[in-house]
There are 2 protein chains.
Amino acid sequence: MNDVSAATRSWNTRAQEKSRRLKLIEPWMNGAVLDTERIVDALSALIVTGDRVAIEGNNQKQADFLSRAFAKLDPGRVHDIHLLISSISRPEHLALFEQGIARKVDFAFAGPQSLRVAQLLEDGMLEIGAIYTYIELYARMFIDLTPQVALVCAAQADRHGNLYTGANTEDTPTIVEATAFRHGIVVAQVNEIVDELPRVDIPGSWIDVVVQADKPFAVEPLFTRDPRHIGELQILMAMMTIRGIYDRYGITALNHGIGFDTAAIELLLPTYGESLGLKGKICTHWALNPHPTLIPAIESGWVESVHCFGSEVGMEDYIAARSDVFFTGRDGSLRSNRVFCQLAGQYGVDLFIGSTLQMDADANSSTVTLGRLAGFGGAPNMGHDPRGRRHSSEAWLKLLKDDGPNPEIARGHKLVVQTAETYKKGGEPTIVDALDAIAVGKKSNMPIAPVMIYGDDVTHVVTEEGIAYLHAAEGVDDLVAWSGGLYAPPARFRSW
Amino acid sequence: MNDVSAATRSWNTRAQEKSRRLKLIEPWMNGAVLDTERIVDALSALIVTGDRVAIEGNNQKQADFLSRAFAKLDPGRVHDIHLLISSISRPEHLALFEQGIARKVDFAFAGPQSLRVAQLLEDGMLEIGAIYTYIELYARMFIDLTPQVALVCAAQADRHGNLYTGANTEDTPTIVEATAFRHGIVVAQVNEIVDELPRVDIPGSWIDVVVQADKPFAVEPLFTRDPRHIGELQILMAMMTIRGIYDRYGITALNHGIGFDTAAIELLLPTYGESLGLKGKICTHWALNPHPTLIPAIESGWVESVHCFGSEVGMEDYIAARSDVFFTGRDGSLRSNRVFCQLAGQYGVDLFIGSTLQMDADANSSTVTLGRLAGFGGAPNMGHDPRGRRHSSEAWLKLLKDDGPNPEIARGHKLVVQTAETYKKGGEPTIVDALDAIAVGKKSNMPIAPVMIYGDDVTHVVTEEGIAYLHAAEGVDDLVAWSGGLYAPPARFRSW
């Protein structure tokens, strides 16, 4: 061996440091359970300056008891924290920066807090590592962004630290796995501590500290859209999508983005879809949160299965009563899982459709508007052609292009559909010369413009004017092919 | 409501069917534990004609006690099974087809059994759903390929059905989650049943039946490469890769494929890499199985972390003694996880490098050779440019191309490196006019040719002749740009 240091250095410093920290809070622990009153003291002992701290901060549920306690730490004692958070959702997430506790953040979405993120960045009080899709951020938690501490939440725990998440499992198992097995400390807030759990979602041997919160964790109803607010144009576009895309390509497995455009499609299946004779032929298998607007389609027997990223407030009893359709545990409640659903949405379905706020002439689109740093959550992961895919399906093969340099090396394409009305409320055009995202990226010194869906991934654009079948003609050579060889373009357009 | 059937139909048929089947084996159960002698009877009751059955069948560990028992079922009673298996590794996996128990298979890899797969297909005794990457197959288990029964394996169980997998966690949690929460039946073989587990890898409330196997589950040492078999050309290519790619692009987070080419790179880090002053600058964070050839680099302090798909026989004590580097549990043993490592290998690292057997002039490559239906396991998932990626890194940005139609809409690129000697043993050329994969695909009626890595994803090709920087010039316009505008190509080559 060239190096003798191996014999003398310690190779278990992470585990040792974890033991050291946990020892500090021993006086306030009863088995795995921490005295609720001691939460600020405990976090002050468990979190050390410079740590990477993952906080839940999901798309829906919030470890808000822990984030409020975290924001009460003394910045003289704990500072320069690197925050890993999938969704910056709560005021105290940013209070961490205002108070000088946290310094850097890696995140995927900052919807309601996006203005403040932009402001703090400009004021030099917050540094952005990068803006990710959810699944990229988790990927890096297993590589170079493993957390020293994770602050997560669940519905219930038992005295051994086993966790029951209920319907909003979401990201918890992933964050906990990345932390616990790299000798980080996992702290879980729970609504209650019970003797026996309805089911175990996360084993107690992965959890270090359980603490009963002062009140149940916060959770946002994000996916509820009132049908009465769906407009005429949205209905028109939904009908075009069902007839011109779902029917035409035979789309059985799919994901819908959030919003009224796609809610209209869900609602029209048992009426317009039924009238086209499409029941059982399209829209049978879903990667989707439990959208209330999907209820009519489920009740009418359209839907075989729905795997969910998270849950939706108010859908608990409905889900439990429809266990043939949803993924539920022995206790009857939903088991959601954001990573698995994002995986399914990337590789397991044939179509993604989502709304956008702006699109340029090349079909690049973004929901980023001036002054906001929102991120895209999961849309780019679902809204691209996954080039690692090797299995075929009927729909995927319908987009096969064999006109490349070698026609025998061809592959299909996922359907990536963007939908938008050509004018927004107030008459502002959706189709623009340059996306606002370009200016936002420059202003915030982002290395590239924050594009949500790239035009070269998009196969279809749906507006109230019609459907653009982008995959059908990408160049002049395609126009020749479509003409059956009858179209003879001018010489300077011939390069194939 | 348009439809009154909702009130009258049952929405819990899956859970009811599960209860019905489990009731049949009650006489042979003691809590969650099945009498070992009754395994064939039990599978005969639990598995029903037409079921989708997921069997482990991983890259490494094998639920071989269960697959042997499965192959003993009476095909008159149980037939037309649809098998879901990530790796067809054992003779009895195919005996299921020869005996008429199974009819259709979806899989990701069939290395040692690939000749027999091709033969059974030709004889009409086996039907292939599709050939996947691992992660695609799991994705579909949450969409339209949810299993009715999963046959998995673990090292130990307790009497409540909690499972301890030890180092080879691999795919078990994923298969179990997809099955258990869609009301499928999960049967786990274990090496022993104990009172207290070292840690819980999978909660007992997800497991229906535990059975002690007749002998410990089989596991293959797949990733051990004896350094003495590394040739001169492989050393040369490894040196070129370190200097010309890892150093040049500053590659810190990466994945290596299996084989001697990449083993040579791992071995050269503490010698050649050290001489270039690259320690701490490259190769710090890995998505990789615990390759023995990485030991010198770890011992020399090169490696910060390694997240593993699976484990490797013989590395157990080493891993436990190096917990700063590997992901390990409280018990000290590795926690691997194929899905999370594939996720990390897709989205969390900047470089994939792998060997190939054949490559065409467009850099399309494949390891498929005539007469074999092997599949690619995980290579295509890691070996492509993930277009859903939105975060930047230094290495990724070095491949940014801003010469498209809109230079303000640009993105970086993952480094996808293919390595091969230009001639194989026996003087057979590696660079071919047409991949054998094209003929194999046609002969087996595959919808597209089984290409492992597509040329348009590849950024670099390394042979003993040198490195081709494919991303540097993709067309004539790039050559003009590289010339600083001095090169004036003939008019017919101008189309930009």
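Reader: Before we start, how are residues, chains and ligands labelled here?

Author: Residues count from 1 along each chain as its sequence is written, while chains are lettered from A and ligands numbered from 1 in the order in which they are written. The model is predicted, so local features need pLDDT of at least 70 and side-chain atom pairs count only at pLDDT 80 or more, totals for chains, interfaces and linings use all residues, and side-chain values use heavy atoms, with hydrogens and water left out.

Reader: Is helix α5 of chain A enclosed or open?

Author: Helices (H or I, at least four residues) and strands (E, at least two) are DSSP runs, numbered from the N terminus. Buried means under 20% relative accessible area, exposed over 50%, and partly exposed in between, with a 1.4 Å probe and protein chains only. In α5 of chain A (residues 91-98), six of the eight residues are buried, so the rest of the structure largely encloses this helix. Among them are H93(A), L94(A) and F97(A). The buried residues of α5(A) pack against β4, α4, β5, β6 and α6 of chain A. After the helix comes G100(A), with a positive phi near 80°.

Reader: Which residues touch the most other members of the largest nonpolar core?

Author: A nonpolar core is a set of buried Ala, Val, Leu, Ile, Met, Phe, Trp, Tyr and Cys residues joined through side-chain atoms within 4.5 Å. The largest one has 114 residues, and I47(A), F70(A), F97(A), L151(A) and L163(B) touch the most other members. Helix α7 of chain B (residues 134-141) gives the most to this core, with six residues.

Reader: Where is the kink in α9(A)?

Author: Start with the length. The expected span of a helix is 1.5 Å times one less than its number of residues. Helix α9 of chain A (residues 232-249) has 18 residues and reaches 25 Å from first C-alpha to last, close to the 26 Å expected. For the bend at a residue, take the angle between axes fitted to the seven residues ending there and the seven starting there. In α9(A) a kink of about 30° is centred on I242(A), which is one of the buried residues of the helix. Just after α9(A), G250(A) has a positive phi of about 65°.

Reader: What does the side chain of S365(B) make a polar contact with?

Author: A polar contact is a pair of N or O atoms within 3.5 Å; within protein, one must be able to donate a hydrogen and the other to accept it, and residues adjacent in sequence count only if both atoms are side-chain atoms. S365(B), in strand β18 of chain B, makes its contact with the side chain of Q418(B) at 2.7 Å. S365(B) is buried, at 0% relative accessible area.

Reader: And what does the side chain of S86(B) reach?

Author: The backbone oxygen of G57(B), at 2.8 Å. S86(B) sits in strand β5 of chain B and counts as buried at 4% relative accessibility.

Methods. Contact means heavy atoms within 4.5 Å.
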